[in-house]
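The stops below go residue by residue.

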Amino acid sequence: QIPYASSCSRRSAFWFRIKMGSVEAELWNIFTYYTLHGNALDPEHLALTQMVQLARDTQLLDGTLIKTPLRKPDIELVFISEVKKRTLGKAFNVDADSGLSNSVDKLTYNEFLTCLLKLSKKLYPSSADKSLESAFQQLLMENVLPLASRRSPKSIDMVLNQQAVLHLKTYFKGSLGMIFEFYASMGRAAAKDKATQRGFNIDTKNFDDHKAESKARLDKATKPMGSSNGSVTSSTRKAQSNSMTSAMGYSDFIKFASDFGLTSKGSSLTMIDIGDIYLAGVANAAGTHHGGVRKLRFSDFWEVLVRISMVAYKKNAVSHGDKVKGLLLFMWRQVQSGVNQQVSGAVQALRSSNKGALLRGSQLFNERFIALWQEDEFKDYLYPKKEAAPEGRTVLTKLISGDTLTPNAPPPPPKAEILYQLDIEDDDSTQLEELGIQPDKLRALLAKKPELVQLLQDGLEEVGLDG
């Protein structure tokens, strides 16, 4: 076995490269990587199989590097005990976003951290004797942070601030805003209906709702005594209403992506790509790591669309503005068929105002995009036409005609003037003919090639003869 000290020194350098403030962000990216690869439709819950895979990836089961390695039953025991503690201690609820029961056989993010804490005690008992925090830190430093697979979302602020992208956001804000509002509201409405029909006790409050209520309570506590209670109640209701109608949950976004063909066979995106892009879009939202997967605001929604264009068309050598236009063109084609079926099908049970928002948004989006596309002369944004490669005959013709000279090239030197005339006498002609030279042809050659006259003159001067 490799000594423990050698293993520690080999990996400890990774820990110092991570700022303490970003440790939880790294853990969140690790957690969501395994949840997405387990079930891309449910990035908030970690299955047992993915927990075991994480243990393998981080060498928790490898006895060659750890003195007291874990066994698979150890992982299963800690996992199941943590899940049962939640399911036995809480009433059976229904998830407000999906309308289905909470994942009773999977871990939430906070439960995942607790499992790691318990495993660290088994894995590093000597450190645990000092303190549980020491064992937990050693587990993170030696195994989880340096070895686990993870999502790596990158900032795209530079792309979002490009003039072409900002112009598109402003141009389509009205139409995309209506479409966004429709999907933000339809998911929660459908979840409530399903929960009511099944007779379950549904908890419809999400992270944003609790945040709005906390702010309202804080405002009420700091409000002057002379203020009426009615105004506080009104503002609270307004905050709750806005949080419900202007934020798109993960399941709502998956529905949007499906309706607009982003998850179809014709798309280059996988469900894991869609989930990763969504999570990257809310990565900067405060409370994401503590409260699970956040909902999208419209600004996040636009960022997600830009990210989709960058991932879907990463092989296309065009500008980011054209990539976004290419995505909007794809969505516009889906509006012609998919969204119409959506309105006439699954949304019949929803309020007419919700359907109206989708219809108005789709119509406005259709009009705005056609105007933009017409202005761009109906170009193919992703595969612009390239100039045809020149053919050999064309290039040869230009060479012969002298049309290949560049504008900045110096003009060709003027043809040399014939400074000397050949006065060939009869006896000279006879002597030339004896040498096989015909005077007439010689005169014609020198007339066509005046530079030969200069060459002959230079040669005569070199030998001291007068031309």
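This is a predicted model: local features need pLDDT of at least 70, side-chain atom pairs count only at pLDDT 80 or more; totals for chains, interfaces and linings use all residues.

Look at the two rings together. The centres of Phe180 and Phe301 lie 5.2 Å apart and the planes meet at 45°, so this pair is tilted. The pair links distant parts of the chain. Phe180 belongs to helix H9 (residues 163–198), Phe301 to helix H15 (residues 298–312), and 121 residues separate them.

Phe180 and Phe301 belong to one aromatic cluster, together with Phe182, Tyr183, Tyr250, Phe253, Phe256, Phe260, Tyr278 and Phe298.

How many aromatic pairs does a search of the whole structure find? The count is 24. For another of these, select Tyr33 and Tyr34. Their ring centres are 5.2 Å apart with planes at 80°; an angle over 60 degrees counts as edge-to-face, so the Tyr33 and Tyr34 pair is edge-to-face. Colour by accessibility here. Tyr33 is partly exposed at 23%, while Tyr34 is buried at 3%.

Next, select Arg368 and Tyr171. The charged end of Arg368 sits over the Tyr171 ring, 3.9 Å from the ring centre.

Finish on the surface. Select Val395, Leu396, Leu399 and Ile400: they form a nonpolar patch, with about 390 Å² of accessible area together. Zoom in on Leu396, in helix H18 (residues 392–401). Leu396 has 39% relative accessibility, so it counts as partly exposed.

Technical notes
Residues are numbered from 1 along each chain as its sequence is written. Side-chain values use heavy atoms; hydrogens and water are left out. Patches are made of residues with over 30% relative accessible area and no salt bridge: like charges are joined within 9 Å, nonpolar side chains (Val, Leu, Ile, Met, Phe, Trp, Tyr) within 5 Å. Accessible areas come from the Shrake-Rupley method with a 1.4 Å probe; for residues, only the protein chains shown count as cover. A salt bridge is a side-chain nitrogen of Lys or Arg within 4 Å of a carboxyl oxygen of Asp or Glu. Helices (H or I, at least four residues) and strands (E, at least two) are DSSP runs, numbered from the N terminus. Buried means under 20% relative accessible area, exposed over 50%, partly exposed in between (1.4 Å probe, protein chains only). Rings of Phe, Tyr and Trp (its six-membered ring) pair if their centres lie within 6.5 Å; planes under 30 degrees apart count as stacked, over 60 as edge-to-face and the rest as tilted. A charge sits over a ring if NZ of Lys or CZ of Arg is within 6 Å of the ring centre and within 35 degrees of the ring normal.
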